[in-house]
Amino acid sequence: MYSKSEKAYLEQIGNRIRELRMEVDLSQEKLAFACNLDRTYIGSVERGERNISVINLRKISKALKIKVYVLLNIEE
């Protein structure tokens, strides 16, 4: 289980991914296909339910055509 602050951090990252995905007009399904990940995985990441791996952050960043550091540009 995650602490409150850890859960909030995961939610921030998920919200950032959702925001970037919507900016490029991709559904969760289309993003998942582009990343070779499952749609349910993308949904759980966006809801802050998963501690996403560095490799999957890279896959998502590539699919969104951004650098990983741009994806992680969130306030703590």
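Visitor: At roughly what angle do the axes of helix H2 and helix H3 cross?
Guide: Happy to start there: this is a predicted model, where local features need pLDDT of at least 70, side-chain atom pairs count only at pLDDT 80 or more, and totals for chains, interfaces and linings use all residues. Residues are numbered from 1 along each chain as its sequence is written, and side-chain values use heavy atoms, leaving out hydrogens and water. Helices are DSSP runs (H or I, at least four residues) numbered from the N terminus, and axes are lines fitted to C-alpha atoms over the stretch in contact, with angles from 0 to 180 degrees between N-to-C directions. H2 (residues 28-35) and H3 (residues 39-46) have axes that come within 8 Å and cross at roughly 110 degrees.

Visitor: Which residue forms a salt bridge with glutamate 46?
Guide: A salt bridge here is a side-chain nitrogen of Lys or Arg within 4 Å of a carboxyl oxygen of Asp or Glu. Glutamate 46 lies in helix H3 and its partner in helix H1, so the pair ties together parts 25 residues apart in sequence. With closest N and O atoms 2.6 Å apart, the partner is arginine 21.

Visitor: Is glutamate 46 buried or exposed?
Guide: Buried means under 20% relative accessible area, exposed over 50%, and partly exposed in between (1.4 Å probe, protein chains only). The relative accessible area of glutamate 46 is 1%, so this residue is buried.

Notes
Helix = DSSP H or I, 4+ residues; strand = E, 2+ residues; numbered from the N terminus.
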